[in-house]
Amino acid sequence: MSSQSAGPRADRPIGEAEQRLLDSARDAFAAKGYHGTSTREIAAGANMSPAAMYIHFRSKQDVLARLSLEGHIAAYAALRAGAETAGSPTKRLRAAVYAFAHWHAENHTTARVVQYELAALDDENHARVVQLRRDIVATVRSIISDGTRDGEFAVDNIDVTTLAVLSLCIDTVRWYPSRELHTPESVGASFAACAERMVKADA
């Protein structure tokens, strides 16, 4: 991104140097947090000078916004792909949870930044990310609502259950990998089964 850019664009192709900066920032933010990371450290991690970083990003905030937007867009796309699986609410919930949990495990470093540095975003970028998070919640809530209406799920509180299912997936970034779950596939399969047990009428 040039110094003349109006802000981060998650839909624009990324150049090699810009990707190196994003990768460096991702690793540093995940390890030290946004406020504990300097632009000098980001540039050094990308084997660039601090001045060269500003050819691509106006500020450290722009770097975080880019990571946050891309991460949320990718996670939402994975969730939607699963949710759009043809079949019963149970099949759709399992597919959605598998995809969402799998993404958080496979991209756990990026996901840690996406989930833990939300408060560091400025108001404009925060609002853009919050809308994506609302879309994520709505996607899962819709499946659980469909299953509850049809009698396939036994859910007392759809909103609370939605929160529990999403939290199950998102918390992956805190501990992955573990001795028990050390591949994205194992995380996805295990959590899909857990989500089904949480909602099933015959559980």
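The side chains of E70 and R66 meet in a salt bridge, 3.0 Å from N to O. A salt bridge here is a side-chain nitrogen of Lys or Arg within 4 Å of a carboxyl oxygen of Asp or Glu. E70 and R66 are four residues apart in helix α4, so about one helical turn separates them. E70 is partly exposed, at 24% relative accessibility. R66 counts as buried, at 0%. Buried means under 20% relative accessible area, exposed over 50%, and partly exposed in between (1.4 Å probe, protein chains only).

This is a predicted model: local features need pLDDT of at least 70, side-chain atom pairs count only at pLDDT 80 or more, and totals for chains, interfaces and linings use all residues. Residues are numbered from 1 along each chain as its sequence is written, and side-chain values use heavy atoms, with hydrogens and water left out.

**Salt bridges**

A search of the whole structure finds 14 salt bridges. Three of them are tabulated here.

| Pair | N to O distance |
|---|---|
| E70 and R66 | 3.0 Å |
| R26 and D27 | 2.9 Å |
| R141 and D159 | 2.6 Å |

R141 and D159 link distant parts of the chain. R141 sits in helix α7 (residues 123–149) and D159 in helix α8 (residues 158–170), 18 residues apart. R141 is partly exposed, with a relative accessible area of 33%. D159 is partly exposed too, at 46%. Elsewhere, salt bridges that share partners join R92, D146, R149 and D150 into one network.

D27 is partly exposed, at 39%.

**Helix α4 and Q61**

Q61 lies in helix α4, which covers residues 60–83. Helices (H or I) are DSSP runs of at least four residues, numbered from the N terminus. Q61 is buried, at 12% relative accessibility. Leaving aside residues up to four places away in sequence, Q61 touches Y34, A120, L121, D122 and N125. Contact means heavy atoms within 4.5 Å.

Two packed helices are described by the angle between their axes and the distance between the axes. Axes are lines fitted to C-alpha atoms, for helices over the stretch in contact, and angles run from 0 to 180 degrees between N-to-C directions.

The axes of α4 and helix α5 (residues 89–106) come within 7 Å and cross at roughly 155 degrees. That makes α4 roughly antiparallel to α5, a term for angles over 145 degrees. On the α4 side, the contact is made by G71, A74, A75, A78, L79, G82 and A83. On the α5 side, R92, A95, A96, A99, F100, W103 and H104 take part. These residues divide into ten nonpolar, three polar and one charged. Ala, Val, Leu, Ile, Met, Phe, Trp, Tyr, Cys and Pro count as nonpolar, Asp, Glu, Lys and Arg as charged, and the others, Gly among them, as polar.

**Packing of α4 against α6**

α4 and helix α6 (residues 108–116) pack at an angle of about 110 degrees, with their axes 9 Å apart. The two are therefore roughly perpendicular, the class for 65 to 115 degrees. α4 contributes L64, L67, S68, G71 and H72 to the contact, and α6 contributes T110, V113 and V114. The residues of this contact divide into four nonpolar, four polar and no charged.

Conventions. Parallel < 35°, antiparallel > 145°, perpendicular 65-115°, else oblique.
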